[in-house]
Amino acid sequence: MDINEKRAGGLVRRLGFDFAAIDRAEIIRLIEEELARPQQGSSEYIRLLCGYLYCLGNPADAQLIRRVKHSGSMDLGCMIDGEWIESLENGGAETDTCGSRAAIIDSFVRYYSGYAKDSRPFAYRCADREDVPLILHFIRELAAYEKLSDEVVATEELLEQWLFDKRRAEVIFALDGEKEVGFALFFHNFSTFLGRAGIYLEDLFVLPEYRGRGYGKGLLRTLAQFAMDEGCGRLEWSCLDWNKPSIDFYLSLGAQPMEDWTVYRLTGETLAALAEEDG
């Protein structure tokens, strides 16, 4: 259990889920203190505080939760559920982008009930051939999030061939119980400077309703463990420049942007044209 989970677990064990007995003023004070002096493990802890504030149901608190979500001091943009804000502002009504108040509270309680225990280990499994449709589903979901759906030409047949026949890449799934809630697709590259292989993370995606719960970090931590176990020199990936929530998340892990490097790519007709040039 990391420091995020320890702090969150301690708060859940102290406050429980009897919302009528929870002091709203105390929750607001704790949030303000955390914003003013963030500690190690702030992100999960302050997300939990905001969740408690949502469950207490005062519409005026939507403004504070929004301020936390857009705080520049911690990795909170992707941690704080936007539907908490929307639900407080619309009186708890269910919409296309927001569940009912009762459903949101139930989800909050079910998720954080696990924190009342002393551990909540990250669970994953490796993909096998029967998972090809699910892998393609996650790829399409990621492409939609990145506004790149029109670039996806992958098919189940291609993925099965390259992932399981040729074994050019691997996939792991993050699990919530028995449900696959995220995935990472990765392969090995090589650094001539380091003289050893590395792991390149091609795709990382967590379903929107499960973001901010540690699944993305769990996937990255698992790949880091793979890299260390195999003696690899690095773990690296790319991120779209506009994707600030993800960038902030990666920076919070200690990852560094390669600002002096630009990725160049040949694909489609330009790749074929170069291959066909006479020497």
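**Tyr210**

I started with Tyr210 and found it in the loop between β4 and α9. This is a predicted model, so I keep that in mind for everything below. Is Tyr210 buried or exposed? Its relative accessible area is 13%, and since the cut-off for buried is under 20%, I put Tyr210 down as buried. Next I looked up what Tyr210 touches, leaving out residues up to four places away in sequence: the contacts are Asp176, Lys179, Val181 and Tyr215. I also checked Tyr210 against Leu49: they sit 161 residues apart in sequence, and their C-alpha atoms are 17 Å apart in space.

**Confidence**

The protein has a mean pLDDT of 89, and 93% of its residues reach 70 or more. Which elements have the lowest and highest mean pLDDT? Helix α1, residues 3-15, is lowest at 82, and helix α8, residues 156-165, is highest at 98.

**Salt bridges**

I searched the whole structure and got 12 salt bridges. Side chains of opposite charge can pair when their charged atoms come close. I wrote up three of these pairs.

As for accessibility, Asp106 is partly exposed at 41%, while Arg110 is exposed at 56%.

Next I went to Arg125. Its side chain meets that of Asp131 in a salt bridge at 2.8 Å, N to O. Asp131 is buried, with a relative accessible area of 9%, whereas Arg125 is partly exposed at 23%. Arg125 also forms a salt bridge with Glu180, again listed at 2.8 Å, N to O. Where do these two partners lie in the chain? Arg125 is in strand β1, residues 123-126, and Glu180 is in strand β3, residues 179-191. They are 55 residues apart, so I logged the pair as a link between distant parts of the chain. Through shared partners, the salt bridges join Arg125, Asp131 and Glu180 into one network.

**Helix α10**

I looked at α10, residues 244-252, for its buried residues and found Ser246, Phe249 and Tyr250. Why do they lie on the same side of α10? They cover an arc of only 95 degrees around the axis, which puts them there. What do the buried residues of α10 pack against? I listed α7 (132-145), β4 (196-206), α9 (215-229) and β5 (235-237). After α10 comes Gly254, and I noted its positive phi, near 95 degrees.

**Second largest pocket**

Last, I opened the second largest pocket, which holds about 190 Å³ of space. Its lining includes Cys126, Ala127, Leu163, Phe164 and Arg167, and also Phe186 and Phe226. I then checked which elements supply the lining. α8 and β2 (170-176) each give at least two residues, and β2 has the largest share, with 3 residues. Among the other lining residues I jotted down are Ala169, Glu170, Val171 and Ile172.

Notes:
Residues numbered from 1 in each chain as written. Predicted model: local features only at pLDDT ≥ 70, side-chain atom pairs only at ≥ 80, totals over all residues. Heavy atoms only, no water. Buried < 20%, exposed > 50% of the residue type's maximum accessible area, 1.4 Å probe, protein only. Helix = DSSP H or I, 4+ residues; strand = E, 2+ residues; numbered from the N terminus. Arc of directions from axis to C-beta. Contact = heavy atoms within 4.5 Å. pLDDT = per-residue confidence, 0-100. Salt bridge = Lys/Arg side-chain N within 4 Å of Asp/Glu carboxyl O. 1 Å grid on protein atoms, 1.4 Å probe; cavity = no way out; pocket = protein on both sides within 12 Å on 5 of 7 lines; lining within 4 Å. Points joined across faces, edges and corners; volume = space filled by probe spheres on them.
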